[in-house]
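Here's a quick tour of a protein model, written for someone new to reading structures. Have a look at the picture, then work through the notes topic by topic.

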Amino acid sequence: MTAGRGLLLDIGGVVLQGGTKLMDLLADEEPRLRPIVERRAIGTDRDDRWQQMLRSEITERGYWAELAAELGAAVGQRWDTRTMINLMYDRPAEEWLNHDVIALMLDAKAAGLALGALTNDLADFHGTEWVEKQDWLRPFDVIVDASSTGVLKPDPRAFTAGAEALGLAPAEIVYLDDMPWNVEGGRRAGLQAIQVSLTDAAPAVAAARARLGLTR
């Protein structure tokens, strides 16, 4: 296997904690949401709509839009995805950053490795004003966001754009994503793609460190 010379990261579910934890925190703040959060078991194997998404029967954007509408209705409001996302992340960054991945980012940067983000929905989901305020984004050399490019993963062109932005051959890039179809798409594009578990990022981070020659 080619030694990794660059690190490419998905954002939601990788750099940011997955929705399961954040939905639980949101329900703590608004008890009217608790029955929906518990019934749907969001992002787990008991979440039927999540499983349908994993089988490509519904889109990821469709999943979140549907959930936002259901949660908003429970509090007598009309929520779109961005409204819901903004509420989920309206808390100190320490509560929603994946600190193992942040440490990996900083160590890669310190080692002189190329560091990039390849995301489908950063600006679309969060809004550009929120994005511009995030200090944790500053270490990235490049951010390729389909909100701007219009090319969503797992379209092969998305992975090509990520590799070109880093200035590396795909085989030299270690890529982390939480969605299985994006991991498979990354592998088909030649990246060293590793899937991140929504409940425990540590194994994926350890595998990335090994491929990049980073030790702690």
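The largest cavity in this predicted model is lined by 26 residues, and the ones nearest its centre are G12, G13, E60, W64 and F125. About 340 Å³ of space lies inside the largest cavity.

**The largest cavity**

- How many cavities of 30 Å³ or more are there? The count comes to one.
- Helices α4, α5 and α7 (122-126) are the elements that give two or more residues to the lining of the largest cavity.
- Among these, α7 gives the most to that lining, with three residues.
- Sorted by class, the lining of the largest cavity has 11 nonpolar, nine polar and six charged residues.

- The largest pocket has a volume of about 210 Å³.
- Its lining is made of 13 residues, with T59, E60, R61, K153 and W181 nearest the centre of the largest pocket.
- Of the 15 residues lining the second largest pocket, Q17, G18, L198, T199 and D200 are the closest to its centre.
- Helix α1 (residues 19-29) provides the largest share of the lining of the second largest pocket, three residues.
- By class, you'll find four nonpolar, eight polar and three charged residues in the lining of the second largest pocket.

**Aromatic pairs**

- Searching the whole structure turns up nine aromatic pairs.
- One of them is Y63 with W64: the ring centres are 5.0 Å apart and the planes sit at 85°, so this pair is edge-to-face.
- Are Y63 and W64 buried or exposed? Both of them are buried.
- Another pair is W96 with W130, where the ring centres are 5.6 Å apart and the planes are at 40°, so the pair counts as tilted.
- Why does the W96 and W130 pair tie together parts that are 34 residues apart in sequence? It does so because W96 lies in the loop between α5 (81-88) and α6 (99-110), while W130 is in helix α8 (residues 128-132).
- Both W96 and W130 are buried.
- W96 and W130 also belong to a cluster, in which ring pairs link them with Y89 and W136.

**Strand β1 and its partners**

- Strand β1 (residues 6-9) is covered on both faces, with G6 and L8 buried on one side and L7 and L9 buried on the other.
- Which strand pairs with β1 in the parallel sense over four bridges? Strand β2 (residues 114-119) does, and β1 also pairs with strand β4 (residues 173-177) in the parallel sense over four bridges.

**T119 in strand β2**

- T119 has its place in strand β2.
- With a relative accessible area of 5%, T119 is buried, because buried means under 20%.
- A polar atom of the T119 side chain lies 3.4 Å from the backbone nitrogen of D121.

Terms used
Residues numbered from 1 in each chain as written. Predicted model: local features only at pLDDT ≥ 70, side-chain atom pairs only at ≥ 80, totals over all residues. Heavy atoms only, no water. Phe/Tyr/Trp six-rings, centres within 6.5 Å; stacked < 30°, edge-to-face > 60°. Buried < 20%, exposed > 50% of the residue type's maximum accessible area, 1.4 Å probe, protein only. Pairing = 2+ DSSP bridges. 1 Å grid on protein atoms, 1.4 Å probe; cavity = no way out; pocket = protein on both sides within 12 Å on 5 of 7 lines; lining within 4 Å. Points joined across faces, edges and corners; volume = space filled by probe spheres on them. Nonpolar A, V, L, I, M, F, W, Y, C, P; charged D, E, K, R; others polar. Polar contact = N/O pair within 3.5 Å; in protein donor to acceptor, adjacent residues only side chain to side chain.
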